[in-house]
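Me: I want to learn how to read aromatic pairs in a model. Can we work through one together?

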Amino acid sequence: MATTNGEVVSNKQVILKNFVNGFLKESDMYLKTDLISLKVEQGSNAVIIKNLYLSCDPYMRNRMTPVDDPNYFPTYPPGSPIEGFGVGKVVESEYPELKKGDLVWGVTRWEEYTLINNPQTLFKIQHTDVPLSYYTGILGMPGITAWAGFYEICAPKKGEYVYISAASGAVGQLVGQFAKLLGCYVVGSAGSKEKVELLKNKFGFDDAFNYKEEHDLNAALKRCFPEGIDIYFENVGGKMLDAVLVNMRVRGRIAACGMISQYNLEHTQGVHNMINVIYKRIRIEGLLAFDYFPQYAKFLEVVLPFVREGKVVYVEDIAEGLENAPAALIGLFSGQNVGKQVVVVARE
């Protein structure tokens with residue numbers, strides 16, 4: 001932990017060593033200890049937060065490889081701390097909307113303390129009767145992603161057939177529970193027996209399968225959905241998306257949230273069954289949580305009561321200590337995590 005020395009403290013950081021090709025490794029990141037002043041320039045509007053919880057998310061891998069596309073997230077500069085979503089406590093503020101002691105969530109850096117020059121992007125946490133770590137997940141970016149992708153993009157109806165890949169992860173577990181609350185038939189896939197049992201017994205999915213044990217994904221989906229799929233919440237891409245397209249129903253909807261199977265590949269896989277989009281009039285729409293941040297209050301009105309009343313449960317996989325953050329992030333791509341992967345930097 002950081003040790004104070006007047007207004008200057010030590011600040012442990014996780015640094016990206018170089019741009020990454022192929023599969024992410026722990027050696028692509030390293031720990032460094034720097035110094036940071038806990039004073040911000042008067043009138044600067046900046047804040048300093050003490051990071052409490054950090055979110056590990058698959059999209060972060062894409063930011064480690066240069067992408068020449070202004071529509072995507074900026075690439076991490078090598079030699080700098082990794083950036084991502086997190087929960088923190090304000091320790092110094094020149095921003096009128098935030099004061100010392102306020103709890104916030106939003107984009108921060110993988111370090112103990114972060115100077116944030118654009119604090120208008122932070123969300124002040126008003127509801128502390130739920131675990132603070134939930135603001136990295138169900139009440140943060142993954143929660144908004146699940147809510148917007150399912151309700152806003154897929155426009156679900158009671159009784160529809162819903163399939164979710166990577167269903168035990170930060171987003172998938174929520175989509176499945178939202179769909180069950182609406183009265184849909186829900187099937188999810190995951191990568192272990194433990195996760196399949198979690199989907200059925202904890203999250204209430206109607207059925208689930210381990211994709212690693214299926215030699216024919218098309219056959220697995222036909223077994224689970226003999227009448228076809230109305231809604232597919234896409235988290236995987238590649239061969240899974242190809243199999244789903246064959247099994248979609250007419251006027252089916254696909255919310256493209258992520259494609260984790262492709263993130264570590266130097267040459268991404270193609271999709272061969274796109275002709276089904278024409279014949280079945282399938283609508284595919286991508287989503288980024290940032291587009292829906294202005295609707296955060298509306299989102300909370302729906303999801304917070306679900307949490308408080310126990311209608312939706314949330315499973316987290318907790319890694320203790322910033323030094324364990326690189327391994328936690330890498331674990332996402334081999335399915336090591338069970339539920340939302342969170343790193344605890346400090347417990348206030």
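Me: Which residues does UniProt list for the Enoyl reductase (ER) domain?
Reply: The unreviewed UniProt entry gives residues 47–343 for "domain: Enoyl reductase (ER)". Keep in mind that this is a predicted model. In it, the span is 27% helix and 25% strand. Its end C-alpha atoms lie 22 Å apart.

Me: How is a pair of aromatic rings described?
Reply: By two values: the distance of the centres and the angle of the planes. Searching the whole structure gives 23 aromatic pairs. Take Phe 123 and Phe 293: 5.3 Å centre to centre, with 85° between the planes. Planes over 60 degrees apart count as edge-to-face, and this pair is edge-to-face.

Me: Which parts does the pair of Phe 123 and Phe 293 tie together?
Reply: Phe 123 sits in strand S8 (residues 123–124). Phe 293 is in the loop between strand S14 (283–286) and helix H8 (296–308). The pair therefore ties together parts 170 residues apart in sequence.

Me: Is Phe 123 buried or exposed?
Reply: Under 20% relative accessible area means buried. Phe 123 is at 16%, so it counts as buried. Phe 293, at 14%, also counts as buried.

Me: What about Phe 150 and Tyr 151?
Reply: Their ring centres are 5.2 Å apart and their planes are at 70°, so this pair is edge-to-face. Phe 150 is buried at 0% relative accessibility. Tyr 151, at 25%, counts as partly exposed.

Me: Which residues do ring pairs link into a cluster?
Reply: Phe 123 and Phe 293 are among them.

Technical notes:
Residues are numbered from 1 along each chain as its sequence is written. This is a predicted model: local features need pLDDT of at least 70, side-chain atom pairs count only at pLDDT 80 or more; totals for chains, interfaces and linings use all residues. Side-chain values use heavy atoms; hydrogens and water are left out. UniProt positions are given in the numbering used here, feature names are shortened, and annotations may be inferred rather than shown by experiment. Helices (H or I, at least four residues) and strands (E, at least two) are DSSP runs, numbered from the N terminus. Rings of Phe, Tyr and Trp (its six-membered ring) pair if their centres lie within 6.5 Å; planes under 30 degrees apart count as stacked, over 60 as edge-to-face and the rest as tilted. Buried means under 20% relative accessible area, exposed over 50%, partly exposed in between (1.4 Å probe, protein chains only).
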